[in-house]
Every structure is written in C-alpha cells, then in structure tokens.
Amino acid sequence: MAAEPILVVNDVVVGFDTAEGPLLAVDHVSFDVRPGEFLSVIGPSGCGKSTLFNVIGGLLTHTQGRVAVAGEQINGPHPSIGMVFQEESTFPWRTVIDNVAFPLELVDLPKPQRVERARHFIALVGLDGFENRYPGELSGGMRQRVSLARTLASEPKILLMDEPFAALDEQTRLLLGDKVLQIQQQLKQTTLLITHNITEAVQMSDRILVMTYRPGQVKRIVDIALPRPRTSFIVSSDAFGRYVAEIWGDLREEASRGMRDEESHALHRGEAPT
Amino acid sequence: MTAAALSRSPLAPKLVGAASLVGFLVAVEILIRLGAINRFIVPPPSEIIGSFYRIVTQEHVLRRFVVTAWECFITGAMITVFGIAGGLLLHRYELLRRACETWVAALAAAPVVLAYPLFMVLFGRNSWTIIMIGFVAALPPVILKTLEGIAGTRRVLINVGRSFKLTSMQQFWKIQLPAALPVIFTGVRLGLIFALINVVGVEFLINYGGLGQLINDLAERYDLAGTYAAICFVILVSVLFYMLLERAERWLRPVD
C-alpha cells in the first residue's frame with residue numbers, strides 16, 4: 001500500500017485583480033506528495049508556478065481549495081515546510097555559520113548545539129571551511145547552498161524550492177543538482193521543486209507535474225522511472241533523453257501559447273516582449 | 001621607474017593629489033609675491049604654514065577643537081537617536097510618512113543656519129544654540145535614510161522571515177534593522193558632516209565656543225595668516241572626520 005501523502009494540494013484556485021481585470025493564476029490544481037518523494041512542478045513562464053509556491057509556503061492566500069501538511073490544513077507559513085527562494089536570500093550581515101544557525105536561534109537552541117548543527121548542514125552542502133565567510137565573499141551557487149543549508153537546518157518535513165538555481169550557469173546548475181540529489185537521497189527529504197528547466201526536473205524527480213499556460217492547470221503528471229541513487233551522469237542516458245523529449249512535447253504547446261500571449265500583450269501596450 | 005609603471009602604482013593617485021596641492025600653493029605664493037594677488041586679502045601660503053605653530057601654542061586651537069568636537073558629539077548622538085526614531089515612525093505610520101516626508105526632505109535643503117537669531121532667543125548665546133542648529137540641520141538625512149533603508153529591505157528577506165514564522169518584532173530586529181543598517185549609517189554619516197559644518201558656522205556667527213569662534217577672533221584681529229591657518233585646521237579636521245566615517249561605514253558593510 002502506498003504511503004499516506006504528506007502534502008495534499010486539493011482543488012486550489014488563486015485569482016488576482018489586475019489593472020487589466022481579474023486574472024486566474026491557478027485553476028483547480030490538485031496533487032499530492034508522498035513522504036521521501038521528489039516532485040517537480042514544471043511549466044512555462046506565467047503558468048502560476050511561483051504563485052503555487054507561495055500558496056504552499058503559506059505566503060499567499062488562495063481563493064479556493066485546501067492545502068494540508070501531514071493532515072493539517074495550512075493558513076500561513078507552516079513549520080513543517082522549509083522554503084528556498086529563487087532570489088539570493090542569504091543575510092549579508094551574517095557569516096555563513098550564522099546564516100545557517102538562524103532557524104536554530106529562533107528555537108533558542110543553546111549555542112554549542114547550534115554551532116554543531118549548523119556545521120553539520122554546512123558540511124552537508126559542501127561548504128566546510130567557509131563558515132566564517134560573509135555571503136558577499138561567495139559565488140552565486142555557494143550562496144544558494146547557504147540558503148539551502150539554512151532551510152535544512154530547520155529540519156522541515158517538506159523542502160519547497162522555487163527555481164533555486166535559475167540564476168546560475170548550466171554547469172553549476174548540474175553540479176548543484178547533484179548536490180541536492182545527494183542530500184535528498186541521504187536525508188530521504190520530501191522535496192517539491194518549482195522549475196521551468198526540464199533537465200533539472202528529470203535529473204532529480206520521482207514525478208513531474210506539467211502545468212498549462214495561464215490559467216495554470218495540471219496538464220499531466222509523469223512518473224520518472226530512472227534508477228536511484230542518481231547523479232548528473234544520468235543526463236547522458238537514453239531514458240533521460242526520452243523523458244526530456246516527452247515533457248518538452250507537453251510543454252512546447254504551452255510555452256508557445258505563453259509566448260504568443262506575451263507578444264500580443266506587448267503589441268497592445270506598445271512595448272517590446274520580454 | 002618609467003612613467004607608465006608609475007601611473008600603475010597604487011601610490012600614484014596619492015602622489016598626484018599631493019603634488020597638485022603643492023603646485024597650487026606654490027602658484028599662489030608666486031602670484032602673491034609678484035603682486036597679482038593682494039596679500040592683504042590672501043596671505044602667502046608660507047605665512048599660513050608658519051602660523052600653524054602659533055595657533056597651536058598661543059591660540060589654543062586644540063582646546064577649541066575639543067569644544068567643537070564635544071558639540072558635534074552631542075549633536076551626533078541626538079541626530080542618531082531622534083533621526084532613527086523619526087525614520088522608524090514614518091515607516092510605521094503610512095499617513096505620517098505621506099504627510100511629513102516632503103517637509104523633511106525640504107528641511108534637508110533649507111539654510112537653517114539663517115535662523116540663528118531665533119535660536120539665540122530660544123536658547124541664549126551658549127553651546128545649546130550651536131547644538132540645536134546643528135541638530136535641526138543634520139536631522140533630515142538620518143530620518144530619510146532610515147526610512148529608505150527600512151522600506152528598501154529586499155522582499156525575499158522579509159519572505160525568509162515569514163517562512164520561519166517570525167513575529168513582527170523579530171522581523172524588525174532580526175531582518176529589517178540589520179538589512180537597513182548600512183543605509184542608516186550613510187544617513188548618520190551625512191548628518192554628522194552637516195552637523196560639523198553647522199556647528200563651526202554657528203560658532204563663527206555667534207562668536208562663541210570652539211574653532212568657529214577662533215576663526216572669528218583671528219579675523220576681527222585682522223590676523224589673516226592665523227585666520228587662514230585656523231580655516232585649514234578646520235578643513236583638515238573635516239577631511240580626517242570624513243575618512244574616519246568612511247572607514248567605519250566600510251567596516252559596517254563587510255561585503256556587498
């Protein structure tokens with residue numbers, strides 16, 4: 001029998017009032033995530049992925065539907081969900097170790113234990129030796145690893161990540177993907193990744209949820225039956241290529257629709273499309 | 001060493017700067033000695049340099065400096081406390097911000113020093129008039145920069161705090177204030193420079209206190225070389241003060 005889902009997203013609808021009228025960003029989206037599973041949500045720009053990230057993280061209120069963690073409905077940020085953001089989010093005034101120890105300070109863990117726990121998570125993301133550096137002295141990839149370690153230090157039941165490597169180059173992204181895979185497999189960490197990068201999603205996921213362009217709906221959920229433990233070498237396998245092609249087949253139509261929509265909006269506004 | 005190698009040396013800008021100053025002083029000295037500049041308006045630089053020893057030993061410039069420094073310190077402490085508190089209040093209360101922000105910005109550009117007779121009536125001819133004029137003139141940059149720093153905290157950092165379920169007090173103390181500190185310090189630095197300018201200026205105007213009064217005294221005695229030497233001393237103090245604040249700011253902002 002399959003394990004009970006740890007995260008349930010049921011019939012979630014999110015709408016906004018914009019200058020151009022009401023906008024339906026997320027339309028009746030339902031899915032669940034099982035303990036230890038790695039699920040990616042993929043879709044074109046404007047499909048409501050980040051809106052979904054904010055709703056699950058409790059930073060945004062949904063118009064309709066239900067989000068529950070371990071059976072408990074959430075109405076705001078939940079301690080069981082640890083968030084890693086797309087933008088650089090380390091605290092520049094704190095050293096690496098103080099950044100990672102931040103959530104431990106909040107629960108008043110005594111300093112010796114705090115330092116020990118923080119060192120453990122710093123080592124886990126491969127940043128040992130950089131404990132006393134400031135984020136400004138680190139590369140973009142290293143800063144994202146600090147953010148990841150800080151979130152992991154709060155020992156969340158679900159790791160929720162919004163395109164954490166979007167600003168990085170392809171090679172760094174693959175290597176960091178390796179690191180996330182290794183950590184996820186080692187900790188058996190339930191992970192929900194929001195991304196628009198197909199290779200990243202296939203490299204890491206057990207399942208991939210493909211979303212449609214606006215309004216964001218679930219187009220299809222694809223099971224990724226690639227062997228575990230995985231590394232970035234998986235990208236050279238035939239099966240990997242087939243999954244990428246299959247998902248691109250689903251996404252191509254949505255991405256084209258998104259592009260046409262953006263261009264038409266830009267034409268009306270008299271601006272260059274982004 | 002070739003000219004190209006010299007221009008690449010890290011000392012080159014400092015050497016060129018010092019050489020430009022020396023060159024300017026030599027040019028002024030020559031023009032005065034040739035009679036092109038009236039020596040009763042601008043004394044020769046050699047005489048000004050020669051007067052430094054005199055203003056230290058006879059005019060007690062260091063004691064005057066301590067008086068000015070003390071007035072600046074009090075002003076600095078006041079603008080830091082009231083400026084940061086004011087900026088936080090404007091950030092906290094939207095209506096207050098919309099009502100007052102323009103006035104505060106306008107005050108930053110106002111020549112407050114011209115209101116010195118009013119301050120003399122209110123506080124008398126003493127250090128408080130000097131401190132209060134310095135305070136009013138130097139307060140706006142601290143308020144505005146505090147407001148800018150707190151309001152400019154990156155959204156993602158606030159969201160990190162929210163994701164860790166921080167209370168609004170924790171959000172303020174653990175995220176917004178430290179994130180804003182470098183910008184606030186820029187405001188304090190600007191405020192301290194405004195304070196120094198105004199304190200010396202008002203000392204001169206009301207002929208009371210430290211370095212400003214010394215310059216007034218020397219000018220009234222028509223001791224031109226001494227006056228210029230005292231002005232040079234004030235400029236030197238301002239430059240050192242500015243460098244010190246810049247260094248403190250860099251320390252506060254360990255990395256960008």
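In chain A, the buried residues of helix α6(A) are covered by elements including β3 (38-42), α4 (111-124), α5 (140-153), β8 (190-195) and α7 (198-204). This is a predicted model, in which local features need pLDDT of at least 70, side-chain atom pairs count only at pLDDT 80 or more, and totals for chains, interfaces and linings use all residues. Residues are numbered from 1 along each chain as its sequence is written, while chains are lettered from A and ligands numbered from 1 in the order in which they are written.

**Helix α6 of chain A**

- Helix α6(A) takes in residues 170-187, which is 18 residues. (Helices are DSSP runs of H or I with at least four residues, strands are runs of E with at least two, and both are numbered from the N terminus.)
- From first C-alpha to last, α6(A) reaches 25 Å, close to the 26 Å expected at 1.5 Å a residue; the expected span is 1.5 Å times one less than the number of residues.
- Which residues of α6(A) are buried? They are R173(A), L176(A), G177(A), V180(A), L181(A), I183(A) and Q184(A). (Buried means that 20 or more other C-beta atoms, placed from the backbone, lie within 10 Å of the residue's own; 12 or fewer means exposed, and in between is partly exposed.)

**Chain A as a whole**

- Chain A holds eight helices and 10 strands.
- The radius of gyration of chain A is 19 Å, which agrees with the value near 19 Å for a compact globule of 274 residues. (This radius is taken over C-alpha atoms, and the globule rule is 2.2 Å times the number of residues to the power 0.38.)
- Along the principal axes, the C-alpha atoms of chain A fill a box of roughly 55 × 50 × 45 Å.
- Of the 274 residues in chain A, 41% are buried.

**A look at I81(A)**

- I81(A) sits in strand β6 (residues 81-84) of chain A.
- Because I81(A) has 23 C-beta neighbours inside 10 Å, this residue counts as buried.
- Setting aside neighbours within four places in sequence, I81(A) is in contact with I56(A), G57(A), V69(A), P156(A), I158(A) and L160(A). (Contact means C-beta atoms, placed from the backbone, within 7 Å.)

**Chain B as a whole**

- Chain B has 11 helices and zero strands.
- At 23 Å, the radius of gyration of chain B is well over the 18 Å that the globule rule gives for 256 residues, so chain B is more spread out than a compact globule.
- The C-alpha trace of chain B spans about 75 × 60 × 30 Å along its principal axes.
- Buried residues account for 33% of the 256 in chain B.

**A helix pair in chain B**

- The axes of α9 (residues 168-206) and α11 (residues 224-252) of chain B come within 10 Å and cross at roughly 170°.
- α9(B) and α11(B) are therefore roughly antiparallel to each other. (Axes are lines fitted to C-alpha atoms, for helices over the stretch in contact, with angles from 0 to 180 degrees between N-to-C directions; under 35 degrees is roughly parallel, over 145 roughly antiparallel, 65 to 115 roughly perpendicular and the rest oblique.)
- Where they meet, α9(B) contributes residues including F185(B), R189(B) and L192(B), and α11(B) contributes residues including F241(B), Y242(B) and E249(B).

**Where the chains touch**

- Between the chains, 18 residues of chain A are in contact with 13 residues of chain B.
- The side of chain A that touches chain B divides into 12 nonpolar, four polar and two charged residues. (Ala, Val, Leu, Ile, Met, Phe, Trp, Tyr, Cys and Pro count as nonpolar, Asp, Glu, Lys and Arg as charged, and the others, Gly among them, as polar.)

How values were computed: Contact = placed C-beta atoms within 7 Å.
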